[in-house]
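Student: Could you take me through one part of this model in close detail? I'd like to see how that part sits among its surroundings.

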Amino acid sequence: PAATAETVAQATVANIAHRGASAYAPENTLAAVRLGVEMKADLVEIDVQQTKDHQLVVIHDTTLARTTDVEQKFPARAPWRVSDFTLDEVRTLDGGSWKDPRYTGELVPTLTEVLDVLERSQSGLLLEAKAPELYPGIAERIADELKQRPWWVQPDPTARHLVVQSFNWDFIRHFHGLLPQVQVGVLGAPTAEQLADVATYSNQVNPHHSAATPDYIGAVHARGMRINPYTVNDPVLMRTLIDRGVDGIISDRPDVLYEEIHNL
Ligand code: G3P
Ligand code: CA
């Protein structure tokens, strides 16, 4: 397989904070990223998309409607696609109050801001390229941003822990060609036949937890890849998946997951 060597030794199951510690803080904000760090997540997962002026921003949905106050501030701009707004416009929005009034004023972050926060922490980054088919050139832009920060991409054991993932497997194949030293993962559950091809470029398969049966985990491992199911918030299911031998778990509740991983 084209898979590169693991850059960070992994002694236990990886604790991956989904959209930051998104059970408690507004998903994909710096508050959620910082809380994921405080809760000792090994990696913080974020979703990256692109504005109209080609800036990389951190948001899950392809529209701004659910997680910002865009409908009030720009009522005439339905359906409020991320790709229809400039970064300056996006930065006028409140990305926190929908979750809880105490998060009023949280912004939609840029990828740059998240990298800045994580660089001052012990946590790595699971960067999901969300709907990259909507954003021509986004693979190159993500790769360019990472290349400016060589400590994320250098192929040696001192590199920070970084994985780039997407539901768009063609994107992952392409990104692997751009930055082969960076670990990559496909989201979803490739069939046994597809796993053989995925293993030629990907290091990880990250499926919905319902697909992470003992047989499927074994099939992914047999191809030399890691498996990190999402989104697991129930401690009983966390324990079941740990016992089945998954490599990491993606959770909105990294504090609960920490206790399960470390048997507290
Ligand atoms: O990291 C896995 C998970 O984030 C994929 O689903 O919809 O939360 O991006 P979604
Ligand atoms: Ca995601």
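Tutor: Let's begin with alanine 131, which sits in the loop between strand S4 (124-129) and H5. Bear in mind that this is a predicted model. The backbone of alanine 131 has a phi near 50 degrees, a positive value in a residue that isn't glycine. Is alanine 131 buried or exposed? It has 20 C-beta neighbours inside 10 Å, so it counts as buried; the cut-off for that label is 20 or more.

You'll find asparagine 28 in the loop between strand S1 (14-17) and H1. Asparagine 28 is buried, because 31 other C-beta atoms lie within 10 Å. While we're on the backbone, have a look at alanine 78 and proline 79 too: the peptide bond joining them is cis, with omega about 5 degrees. Proline 79 belongs to the loop between helix H2 (70-73) and helix H3 (87-90).

Helix H5 spans residues 138-147 and holds glutamate 140. Glutamate 140 has 12 C-beta neighbours inside 10 Å, so it counts as exposed; that label goes to residues with 12 or fewer. Along the chain, glutamate 140 and histidine 174 are 34 residues apart, yet their C-alpha atoms are separated by 9.4 Å.

Now jump to leucine 178, which is in helix H6 (residues 169-178). What does leucine 178 touch, leaving out residues up to four places away in sequence? The contacts are Ala139, Glu140 and Ala143, so here we meet glutamate 140 again, by the definition that C-beta atoms lie within 7 Å. Leucine 178 itself is partly exposed, because 15 other C-beta atoms lie within 10 Å.

Helix H1 (residues 30-38) packs against helix H4 (residues 111-119) at about 20 degrees, with the axes 10 Å apart. The two are therefore roughly parallel to each other, since angles under 35 degrees get that name. H1 passes H4 in a right-handed crossing. On the H1 side, Leu30, Val33 and Arg34 meet Glu113, Val114 and Val117 of H4. Sorted by class, that contact has 4 nonpolar residues, no polar ones and 2 charged ones.

Helix H9 (residues 235-244) and helix H10 (residues 254-261) have axes that come within 10 Å and cross at roughly 45 degrees. That angle makes H9 oblique to H10. The crossing of H9 past H10 is right-handed. Pro235, Met238, Arg239 and Ile242 of H9 make the contact with Val256, Leu257, Glu260 and Ile261 of H10. By class, the residues of this contact split into 6 nonpolar, no polar and 2 charged.

Last stop, the ligand. Which residues are around ligand 1? They are His18, Glu45, Asp47, His60, Glu128, Leu187, Asn206, Tyr230, Thr231 and Ile250. The shell divides into 3 nonpolar, 4 polar and 3 charged residues. One of its members, Glu128, brings us back towards where we started, as strand S4 covers 124-129.

Terms used. Residues are numbered from 1 along each chain as its sequence is written. Chains are lettered from A and ligands numbered from 1 in the order in which they are written. This is a predicted model: local features need pLDDT of at least 70, side-chain atom pairs count only at pLDDT 80 or more; totals for chains, interfaces and linings use all residues. Axes are lines fitted to C-alpha atoms, for helices over the stretch in contact, and angles run from 0 to 180 degrees between N-to-C directions. Helices (H or I, at least four residues) and strands (E, at least two) are DSSP runs, numbered from the N terminus. Angles under 35 degrees count as roughly parallel, over 145 as roughly antiparallel, 65 to 115 as roughly perpendicular and the rest as oblique. A crossing is left-handed if the near helix is turned anticlockwise from the far one by less than a right angle, and right-handed if clockwise. Two residues are in contact if their C-beta atoms, placed from the backbone, lie within 7 Å. Ala, Val, Leu, Ile, Met, Phe, Trp, Tyr, Cys and Pro count as nonpolar, Asp, Glu, Lys and Arg as charged, and the others, Gly among them, as polar. A residue is near a molecule or strand if its C-beta atom, placed from the backbone, lies within 6 Å of it.
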